[in-house]
Amino acid sequence: MDPNTVKRNDLLAQKVIKGLQSRNMTGYYVQTKEEALKLALSLIPEGSTVTMGGGMSVYETGLVKALKEGNYNYIDREEAQDRRAAMLKAYDADFFLASTNAITDDGVLVNIDGNANRVSAIAYGPKKVLMIVGMNKVCPDVDTAMKRARNVAAPINNQRFSSNNPCVKTGACANCKSPDTICCQFLVTRYSKHTDRIHVILVNDNLGF
Ligand code: SF4
C-alpha cells in the first residue's frame, strides 16, 4: 500500500472511530491482519462462547482457527449436525463474530442477509458483537454503503454460492425476487442501545468483499 493511501486511511479510520463512538459503539484501528487477530483475541476472554454468521474478513485474519484451537467454546454451525440449533445458540453467545457489508465514515453499519440469522444477531441477542472490517468497506454515506452492499458484496457472495441470481452473471444487482435471493433483510445500525456491545476492528487492508 503506498504511503499516501496509508495516510489517507489513517485519517479516515479516525473519523470512523469517532462516528462509532457517537453511536455508542467502540472502534479500533490496526494496520495488519496479524494485529487484528491479536487485538480480537485480547478482547475475547478464554472460556467465552463464540459463534459467527459468516464473514470472510474474520476468516482472513485467522481468528476462527485460533478460537477453534484455543480455550474457547466455539460453536461451528458449518460442522453442526443440527444447523438450525447451532444458529439459534448464537443468540445467547458471549461473542458473535462478523464483518459488515459496508460502514459509513461516520460509523453507520449496513448489512444485507438472506436467512437473516446474521443481521438479527447483530441487532440483538449475543452479549457482544465483534466485527473485523477492512478499510475497503468504508463509504461516504448510507446510500453509498447500501449500493456497495448490493452491487459489490451481494453479487460476490452469490458467485461464491453459485446461485442462479442475475447478479452472478452481470456482477450488478438487478433487484431480483428470485427464490434464491440473498437480499431479503437490510439492517442499518445507526446506534447501539447497549453500551459495550458492538466493537469494530478496522484494518488498513482489503478484507472480504
Ligand atoms: S437482489 Fe438479487 S440480483 Fe440483487 S444482489 Fe441480491 S440476489 Fe443479486
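This is a predicted model: local features need pLDDT of at least 70, side-chain atom pairs count only at pLDDT 80 or more; totals for chains, interfaces and linings use all residues.
User: Start with H2. Which residues are buried there?
Analyst: Helix H2 covers residues 33–43. Ala36, Leu39 and Ala40 are buried in it.

User: How do those buried residues sit around the axis of H2?
Analyst: Looking down the axis, they fall within an arc of 100°, so they line one face of the helix.

User: And which exposed residues are on the face turned away?
Analyst: Glu34, Lys38 and Ser42.

User: What covers the buried residues of H2?
Analyst: The cover includes strands E1 (26–30), E7 (128–134) and E10 (198–203). Helices H3 (56–61) and H4 (63–69) are also part of it.

User: E7 interests me. Which strand do 4 bridges join to E7?
Analyst: E4, and the two run parallel. Phe96 has Val129 in E7 as its bridge partner.

User: What about E2 and E4, how many bridges?
Analyst: There are 3, and these strands run parallel too. E2 spans residues 49–52. Val50 stands opposite Phe95 in E4.

User: Which residues are on each side of E4?
Analyst: Phe95 and Leu97 are on one side, Phe96 and Ala98 on the other. All are buried, and both faces of the strand (residues 95–98) are covered.

User: New topic. Where is Asn117?
Analyst: Asn117 belongs to helix H6, residues 117–123.

User: Buried or exposed?
Analyst: Buried, because its relative accessibility is 10% and the cut-off is under 20%.

User: What does Asn117 touch?
Analyst: Leaving aside residues up to four places away in sequence, Asn117 touches Gly53, Arg77, Met87 and Tyr91.

Definitions and conventions: Residues are numbered from 1 along each chain as its sequence is written. Side-chain values use heavy atoms; hydrogens and water are left out. Buried means under 20% relative accessible area, exposed over 50%, partly exposed in between (1.4 Å probe, protein chains only). Contact means heavy atoms within 4.5 Å. The arc is that of the directions from the helix axis to the C-beta atoms. Two strands pair if DSSP finds at least two bridges between them.
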